[in-house]
Amino acid sequence: MVAGIIRQLIAMNFHRPIVMGARGMVATGHPLASDAALDVLKEGGNAVDAALCASAVLSVVKSYHCGLGGDLFGMFWSAAEGKMLVLNGSGRAPKNIRRELFPAGIPHIGILASSTPGTVGAWHEAAARLGTRSMSDLLNPAIHYAEVGFPVFPHLANVIRASHKRLGSEPVWSNIFLHAGKTPEIGDLLVQKDLATTLSAVASGGQEAFYSGEIGRSIVRVSEQRGGCFSLDDFREHRARWEEPLTTSYREYDVCVPPPNSYGLLLLLQLKFLADYDLAKYGHNTPEYVALQLKSKEEAWRAGNSWIGDPDRYRREEIVEFLQKFPRDYGHSAQSAVVNHGNSTTYIAVADQFGNWASLIQSVHQSFGCGVVVDGTGIVLNNRMSGFNLISGHPNELTPGRFPAHTLSPALILKERKPILAIGTPGGVGQTQFLTQTLCNLFDFNMSIQEAIEAPRWQSEKTGHIELEGRFSDEVAKFLLQNGYDVKIRGGWEFAFGGVEAVLLHPNRQVLMGGADPRREGYATGC
């Protein structure tokens, strides 16, 4: 890898520079979040402090993608504890939900599409165990941007414009995201006064202000008014939970992800399948190489489908045994399910000078979640209930009080039992596919972190179908067509192909390197 890094730094075969620093490194889905997190590191905070600060800022500048009404998964390396920790900050289905409410299937719009929000609980759980700064302090930059506003960037303007027809009749949404009834222009300031007040209440009252106080009661009132199923008990009983990571070896690295209900397992399965092949001999993004990677995705999905659901449905030992046996012996999968896959997600990678690492991802699932903004709070509620299915006996069957499947799949990679890479991406079901491709670029083709992120990508949302970025050679599409695939060619740098952010430890173990994806608004910065 050392030779590859030096070669790429000299050649600069990529659009963005590799950012390097010795004291800390941040890569997030928006420059304002990255800057706020870097300030935390410069002031002596650790990686978890910085990641939580970035998470809060993203909850303002990307409140259509993530926030207090959404969910969060975090992978952390604690230098003090000397181990990997996983935080599941997702929410459960309301206790009063009934499948009879969905004769036409689970919707992705409306209050019935929302599960109990988990982000705020995860913030405070992570800060209490691993942070050095109070959440009250870490929320200040987010409160500032909500109170005084921030410039509308191109993608936000496009999402508001696209959502206007669907949500423009919602007065709460319109009062926040429209200016005098019109969609904002790029560069206009977007102010979210109610969200600033809500964040201030959480800063002063902690997670109790959200789950046991007036904020939670406001969400339940809106649910009751709109025919939803939320109760105060759903909020009072919510807890973020610490879990053990799932891990597999790939080349000389240990790749770690959250266990189900996260889709992270599928990343491990894809890598396990590919580990038996010498990918360098195929050549990067040759027709045969892309076909092999596509097969790894299909085999991983076929095998892993029966495990992606509520984590309390099976024992950890069972899933570890399954992972160890794949791909040679994995039995038969449960019936496949079609769900609404959102790509409205944002990711954060941070490493500090003390040896702490954070790999954190958060989402409301689809843009503006279920379309409900809670009056007086500025909170956009998620539509994660559409992650369930209605197949009897399926591990992801809609059940009161259960966790739905989550595409959210942050990763943390170790070498010789020490962290060397935090990496993740938005992109719905494409997340594990984009991460597999990027990790192979790094570990099999010795690319720099930025070149690995910028290389052309493909994605496949169903068996037999593939979408290619337009930068692949014509031979790739021809080969896949000849082998029976439905092939769609898209633009060269499309939003739909994710937004990988990453922090990588230099082989000298003294310097941290950050990479961010030009397909979205991601930004890396360090000190």
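The model is predicted, so local features need pLDDT of at least 70 and side-chain atom pairs count only at pLDDT 80 or more, while totals for chains, interfaces and linings use all residues. Residues are numbered from 1 along each chain as its sequence is written, and side-chain values use heavy atoms, with hydrogens and water left out.

## Two helices

Helices here are DSSP runs of H or I with at least four residues, strands are runs of E with at least two, and both are numbered from the N terminus. The expected span of a helix is 1.5 Å times one less than its number of residues. Here is how two of them come out.

| Helix | Residues | Number of residues | First to last C-alpha | Expected span |
|---|---|---|---|---|
| Helix 2 | 31-42 | 12 residues | 16 Å | 16 Å |
| Helix 7 | 154-167 | 14 residues | 19 Å | 20 Å |

For accessibility, buried means under 20% relative accessible area, exposed over 50%, and partly exposed in between, with a 1.4 Å probe and protein chains only. In helix 2, the buried residues are Leu 32, Ala 33, Ser 34, Ala 36, Ala 37, Leu 38, Val 40 and Leu 41. After helix 2 comes Gly 44, with a positive phi near 100°.

Helix 7 buries His 155, Leu 156, Ala 157, Val 159, Ile 160, Ser 163 and Leu 167. What lies over these buried residues? The cover includes helix 3 (47-61), strand 5 (150-151), helix 8 (171-177) and strand 6 (189-190).

## The nonpolar cores

A nonpolar core is a set of buried Ala, Val, Leu, Ile, Met, Phe, Trp, Tyr and Cys residues joined through side-chain atoms within 4.5 Å. In soluble globular proteins, nonpolar side chains tend to be buried together. The largest core in this model has 82 residues, and Trp 123, Leu 199 and Phe 210 have the most contacts inside it. Helix 3 supplies the largest share of this core, with 12 residues. There is also a second, separate core of 72 residues, which includes Ile 18, Val 257, Ala 455 and Leu 505.

Contact means heavy atoms within 4.5 Å. Leaving aside neighbours within four places in sequence, Trp 123 is in contact with Leu 52, Ser 55, Ala 56, Ser 59, Leu 68, Leu 72, Met 135, Leu 139 and Leu 199.

## Cysteines, and a threonine beside one

How many disulfides are there? Counting a disulfide as a pair of cysteine sulfur atoms within 2.5 Å, the total is zero. For Cys 66, the nearest cysteine sulfur belongs to Cys 53 and is 13 Å away. Cys 66 is buried, at a relative accessible area of 1%. For Cys 440, the nearest is the sulfur of Cys 256, 17 Å away, and Cys 440 is buried too, at 0%.

Cys 66 turns up again among the contacts of Thr 346, a residue of strand 10 (residues 344-352). Thr 346 is buried, with a relative accessible area of 2%.

## Aromatic pairs

Rings of Phe, Tyr and Trp (its six-membered ring) pair if their centres lie within 6.5 Å; planes under 30 degrees apart count as stacked, over 60 as edge-to-face and the rest as tilted. The whole structure has 17 aromatic pairs. In one of them, the ring centres of Tyr 211 and Phe 235 are 6.4 Å apart and the planes meet at 40°, so this pair is tilted. The pair links distant parts of the chain, 24 residues apart, with Tyr 211 in helix 9 (residues 193-211) and Phe 235 in helix 11 (residues 232-236). Tyr 211 is buried at 5% relative accessible area, and Phe 235 is buried at 0%.

Elsewhere, ring pairs join Tyr 64, Trp 173, Phe 177 and Phe 368 into a cluster.

Two strands pair if DSSP finds at least two bridges between them. Three strands make an open sheet in the order 16-17-18, with mixed pairing. Strand 16 (458-459) and strand 18 are the edges; each has a single partner strand, so one side of each lacks a neighbour in the sheet. Strand 17 (residues 465-469) pairs with strand 18 in the parallel sense, over five bridges. Within that pairing, Glu 469 has Arg 490 of strand 18 as its bridge partner.

Where is Gly 491? This glycine sits in the loop between strand 18 (486-490) and strand 19 (501-505). With 27% relative accessibility, Gly 491 is partly exposed. Not counting residues up to four places away in sequence, Gly 491 touches Glu 469 and Gly 470. The C-alpha atoms of Gly 491 and Gly 470 are separated by 5.0 Å, although the two are 21 residues apart along the chain.
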